[in-house]
Every structure is written in structure tokens, then in C-alpha cells.
Amino acid sequence: MKKRKRRLTKHEALKLETERALLEQIRRHLALPMEKRTHFLRKRIGFQASCL
Amino acid sequence: MDAHPILSTIARVLHEEGLEAVLVGNAAAALHGAPVTTVDFDFLYRKTPANLRKLKAVAKALDATLLRPCYPASDLFRLMRDQDLLQLDFMGRIDGVRSIVGLRNRASRVNLGDHELLVASLVDIIRSKRAAGRPRDKAVLEILEKALHEKTQAPPHKA
């Protein structure tokens with residue numbers, strides 16, 4: 001009898017989706033020349049906080 | 001926030017003052033395509049009396065203050081600019097890197113306007129973060145390794 005494929009749990013599905021999004025983001029960055037990969041600096045706000 | 005204007009200013013000032021420094025840390029990793037962020041720029045340089053004089057000149061040109069926040073535990077020099085809280089850290093040594101010569105030879109030259117900036121290779125950045133072993137370094141290691149893997153798989157970018 002053919003074994004049924006188990007459905008992914010919500011946690012597993014989220015993990016896969018996170019991984020896929022990360023790889024996509026890296027590939028998007030790599031598609032640009034190095035001098036254009038410059039949107040990484042966080043602006044300091046006060047003593048502790050920062051934002052992009 | 002786009003770091004291009006700041007990076008091109010840093011590249012120009014380093015060039016004008018003749019200070020050779022290699023960008024390391026998360027800023028360098030981001031230039032290699034890793035999706036990481038940072039609030040400062042870390043540089044490795046050769047700590048010599050002449051370079052310390054140049055560092056003072058760099059601080060003056062950037063309208064920044066030169067500090068030694070971890071003295072005497074560390075030989076870190078920090079340039080801070082009050083108006084926009086720009087922070088540049090200059091280190092004489094970093095974990096996992098034996099010499100600046102090897103690091104410089106493996107580094108990439110990034111063209112930012114009229115001047116180039118030396119950016120440490122992603123392999124060196126990963127090695128340094130692994131050797132440092134701080135929780136904040138360990139937190140980004142997986143992302144950097146994925147970026148390195150994708151970089152070695154992807155064809156080189158055509159300028």
C-alpha cells in the first residue's frame with residue numbers, strides 16, 4: 001500500500017518559508033554590484049535604539 | 001539607511017590621509033550580499049605611530065572625536081561624530097586573522113565614487129566571527145555561511 005505523505009506542521013512550514021525568503025534576499029543582493037549593496041546601516045536613536 | 005554616501009566619504013578621507021584600513025565586520029559582510037545590518041563600521045589597520053597620526057587626521061577630516069573606549073583592555077580606537085552618531089572602530093587585531101597582509105590580499109576593492117575601499121573577504125569575516133564566538137557573532141554566522149554558499153554557487157556579477 002502506498003504510504004501517504006505527511007502534512008507539514010505549522011512550525012516546519014514556517015521554517016521552510018523563512019529559509020526560502022532568506023535565500024531569495026541573498027540572491028537579490030548578489031544580483032547587485034557590491035557598491036549598491038549599501039542599505040545595511042542602522043541609524044542610532046538615543047542611547048539604545050536604532051532603526052533602518 | 002543607505003550607507004553609500006558615508007562609505008564614499010570614508011573611502012575619500014582614508015585615501016587623502018593615506019591610511020590603509022580594511023573594512024571588516026557586518027558592514028563588510030553586507031557588501032558581500034549577506035542580509036545583515038549594523039550601526040558602525042569596523043576597520044582593521046596596522047597599529048603604527050605613523051598610522052595613529054593618520055587616524056587623528058582622519059578623525060579631524062570627518063569632524064569626529066577619537067576615543068579609546070576600552071583602554072587599557074583593548075587597543076580599539078573609536079571615531080564618533082556627534083551630529084549623526086557616525087561610529088568607526090579601528091582595530092589593530094581581530095580574532096581569527098593572523099595578519100593584515102593576508103587579509104588585505106584576499107580583500108575586495110569596492111569602487112565608491114572616486115575612491116576604492118578595501119573590504120575583507122566573506123571567508124575572513126566568517127573566520128573572525130567564529131573565532132570571536134560572542135553571542136552576537138554566533139547569531140549572524142548562519143546567515144553569513146548561507147551568503148557565502150550562494151556567492152560561490154552564483155556566477156560572478158558582471159559590472
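The loop between strand S4 (77–81) and strand S5 (86–91) of chain B holds B:Leu85; here, strands (E, at least two residues) and helices (H or I, at least four) are DSSP runs numbered from the N terminus. B:Leu85 is not a glycine, yet its phi is positive, at about 60°. The residue is partly exposed, with 14 other C-beta atoms within 10 Å. On this scale, a residue with 20 or more such neighbours within 10 Å of its own C-beta atom is buried, one with 12 or fewer is exposed, and one in between is partly exposed, the C-beta atoms being placed from the backbone. This is a predicted model, in which local features need pLDDT of at least 70 and side-chain atom pairs count only at pLDDT 80 or more, while totals for chains, interfaces and linings use all residues. Residues are numbered from 1 along each chain as its sequence is written, and chains are lettered from A and ligands numbered from 1 in the order in which they are written.

B:Asp63 is exposed, with 12 other C-beta atoms within 10 Å.

Now to the whole chain. Chain B has six helices and seven strands, which follow one another from the N terminus as α-β-α-β-α-β-β-β-α-β-β-α-α. The radius of gyration of chain B, 15 Å, is close to the 15 Å that the globule rule gives for 159 residues, so the chain is as compact as a globular protein of that length. This radius is taken over C-alpha atoms, and the rule is 2.2 Å times the number of residues to the power 0.38. The C-alpha trace of chain B spans about 45 × 35 × 30 Å along its principal axes, and 37% of the 159 residues count as buried.

What does chain B present to its partner? In all, 28 residues of chain B are in contact with 20 residues of chain A, contact meaning that two C-beta atoms, placed from the backbone, lie within 7 Å. Two or more residues each come from helix H1 (4–17), helix H2 (25–31), strand S6 (108–112) and helix H6 (135–153) of chain B. The largest share of this side, five residues, belongs to H6(B).
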